[in-house]
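Trainee: I would like to go through the terms used for this model and see what each one rests on.

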Amino acid sequence: MANGATGIGARVKRKEDKRFITGKGKYTDDVRMENQAYAAFVRSPHAHANVKSIDKSAALAMEGVVDVLDGHQLTGDEIGNIICGWAVNSKDGSPMNMGAWSALATQKVRYVGDAVAVVIADTQQLARIAAEAVEVEYEELPVAARADKALEAGAPEIHDNAPGNLIYDWEIGDETKADAGLAAASHITEMEITNNRLSPNPMEPRSAVATYDEAEEHYTLYTTSQNPHVARLVLSAFYNVAPEHKLRVIAPDVGGGFGAKIYIYPEEITCLWASMKTNRSVKWTSDRSEAFITDAHGRDHISTAKMGFDENGKITGFKVDTIANLGAYMSLFSSSVPTYLYATLLSGQYDIQNLHANVRAVYTNTVPVDAYRGAGRPEACYLIERMMETAARELGMKPAELRAKNFVRQFPHETPVIMTYDSGDFDANLAQAEAAADVAGFPARQGEAAKRGKMRGLGYSCYIEACGIAPSAAVGGLGAGVGLWESAEVRVNPVGTIEILTGSHSHGQGHETTFAQIVSERFDLPIENVAIVHGDTDKVQFGMGTYGSRSGAVGMSAIVKAMDKVEAKVRKIAAHQLEASEDDIVIEGGEVKVAGTDKALGWHEIGLAAYTAHNLPPEMEPGLKESAFYDPSNFTFPAGCYICEVEVDPDTGKTEVVQFTASDDFGTIINPMIVEGQVHGGLAQGIGQAMMEQVIYDDDGQLITGSYMDYTMPRAADLPFYSVHHASTTCPGNPLGMKGCGEAGAIGSPPAVINAITDAIGNNNLSMPATPQNVWNALQAASAAQAAE
Amino acid sequence: MTKINMTVNGKAVTREVSGETLLSEFLREDLRLTGTHIGCDTSQCGACVVHIDGKAVKSCTTLAAAIDGAEVTTIEGLADGDLHPMQASFKEHHGLQCGFCTPGMIMSGVDMVNRYKAEGRDVTAEAVRHELEGNICRCTGYHNIVKAVQDAATKM
């Protein structure tokens, strides 16, 4: 059945590329409706203030302004508050302290960018000018811009129902055992670790085009979403915009997501509601400055950690205390990121029996924080892998040796933080990466660099993460408000071509190619005969969308399940028509054959037979279309080893990544070209976090890094060619054996970079991002310390 | 309003535009050539790059009225036939994922290769990375974009 040219494992060029390289992609901002008006939001310039009054008169008087709408009208129409879809309880059992979040603020604004009103006008330019003319009187309040400060006694309180700005105080693992493990240690490594705040920055800014059909009482929303069905569900069930059968959500071509386009933001809600209020199609497209103050940010943890080792280098105990900044409101999955997506991965690749983590989530007067590529797992990986490298240096061991002493080697392996690792071969990834990176040749390269006046360093990261979220009942038990299955429908047409309808959503991942590959493999058909349909709630019945590297492990598994049903029916039809036993039917070469004979039906003949229904087995329904819902049995656990090599210019602190080597275990790989591309992009974002990117707020809650003038996006010249390899074990949990590859690069790379730079400069005290200034300062501190000795 | 004449993708175009209309806006909204994208508001991301009289320019920082009489080529008009070699190389080398930055990358890549060829300079990886300073991609990590541009340089 295997189709070598276009099946599983083939480097098939992407089917979707032609429209993108010729400028024919259709993104949300390319959509134009008849009678379209434009929305511009009136946003708070203050991080924390009471709204005293809103004077719309000047804006309303402008010709071409359709209306100016505010939060009182919105709540008056019973548009619901924005929800957080994952309930996390504090360790004392109390529910999280979730403050109300209206799409348009009524009484109080809580971050710079919080919207208080929207102008609807005939042109975008006019809407923006009119928004400037809306006069809002604010009473400024004291600001809590930093998470650690927001927890201090006397800090300004942001929500009435969150005393001390604490959302929850949560724990996982056994503190008594972790303490005992640390007490028994012969060496303890202790670190304070910050995970810098980032802005996801998909290149396509968010956009929404909402249309209300008065006659049908029906809404259509084009939007930049990673999960249009989730958007429809939430808009309908919680925000009361319209019942689901009266709301169609279309996410056409979407220009990157990285988590930022999972959530249903105030702007989409407001555009839908405004289209009903004004009886116009309403379009809003963010500009980049607006994206920085409205798209959910990522990361932003402050942690202290202690790891104990015995005299053989075995980990005896590990204790972590983390403060997680969730911003001014709880975004859709914000609560799960620093808990179930973070602390559950703190065991890393290691057999750690005694582990405890405490997490306090905190409100601040900043943009809401939620999942960004990796979501919690990069924070966990960075913490463990900085600890391991540091401990190795303190213990005088090679970093690889200390890690290998602690690797998990028996599977399944239950960690003390509720994960069950199902497969992996961490030694294999380590060995592959060390060979590819020529670690043995490093001392010579270091010596050569020293002659040129450069400091060369080498850093490791052995990451594990959890993808394919996850058994619905399991996540339900942990507080998730949704199930996390995926759905698929396989439609074989009368001419034998196939459409795959999927609840997964592609916004750069190449599903139109890889999903077609698994069909080509299964039915041995030309890949051109397969089309992938996604991103439209009127076409696909339901789906949970794409995030957390789940399209392969969960989305493709649903397709396989539906193909199983199609194949069973095809076999029955063929056996009936060819007068053979079902067991003798084989599917190959575009035909359905009786093994060992010359009897065969073309795939198109099977399709036609199913739809003409002239000669089907007794009692068989006509047609050839099957659907399936697939619920995963476990998370999947991609893992690997990354080795980074850097050169630092000691005069300037400027650091160059001269070599980056990756060995990943992603389980089965459908298309190596696309998987390598995912790794490249993830590595670039991880190197960006490690060396360049940081969202900075001042103490007044003003965003300092609000454009590409200030927030450093990695450019081509900042990055190397990557050396990407695979040493895979099959995932036992899903039919194709897939683990997922979308986030690994962003998860595994930051500690490798920082470990390499700290190795080069001989000072372990360096925080991300390792800008030339930060590296230079760390170098000066190291020199000063050396001089003092 | 100002009356402007241009040749866009080989076709003569005459329109009335306001003085503040950006070329990017004119192309996207007036001519509905939506392959030219807007990814930032500080002229840094390069998703809007088009060719004006054969040179790569960020259309988001060009006033439409200021280039009266110019010849403009957008991503839609780049190919003379099926695909321009740069477009083909981007596909061949998986130089795109979400596709949003891609039109600008391709237009910058073509301009760069044209200049380097005219000056007899090698299109090295280092040169490509340097020349793409004004084009940001968030998906690919640039690895395959650099390879695509270098490959196209051998075919243009």
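Mentor: We take a helix in chain A and then the fold of chain B. This is a predicted model, in which local features need pLDDT of at least 70, side-chain atom pairs count only at pLDDT 80 or more, and totals for chains, interfaces and linings use all residues. Residues are numbered from 1 along each chain as its sequence is written, with chains lettered from A and ligands numbered from 1 in the order in which they are written.

Trainee: What span does helix H18 of chain A reach, and what is expected?

Mentor: The expected span is 1.5 Å times one less than the number of residues. Residues 672-691 of chain A reach 28 Å from first C-alpha to last, close to the expected 28 Å.

Trainee: Why does the radius of gyration of chain B agree with a compact globule?

Mentor: The globule rule, over C-alpha atoms, is 2.2 Å times the number of residues to the power 0.38. For 156 residues that is near 15 Å, and chain B has 15 Å, so the two agree.

Trainee: How do you know which strands of the chain B sheet are edge strands?

Mentor: Two strands pair if DSSP finds at least two bridges between them. The order is E2-E1-E5-E3-E4 in chain B, an open sheet with mixed pairing. E2 (11-17) and E4 (55-58) of chain B each pair on one side only.

Technical notes:
Helices (H or I, at least four residues) and strands (E, at least two) are DSSP runs, numbered from the N terminus.
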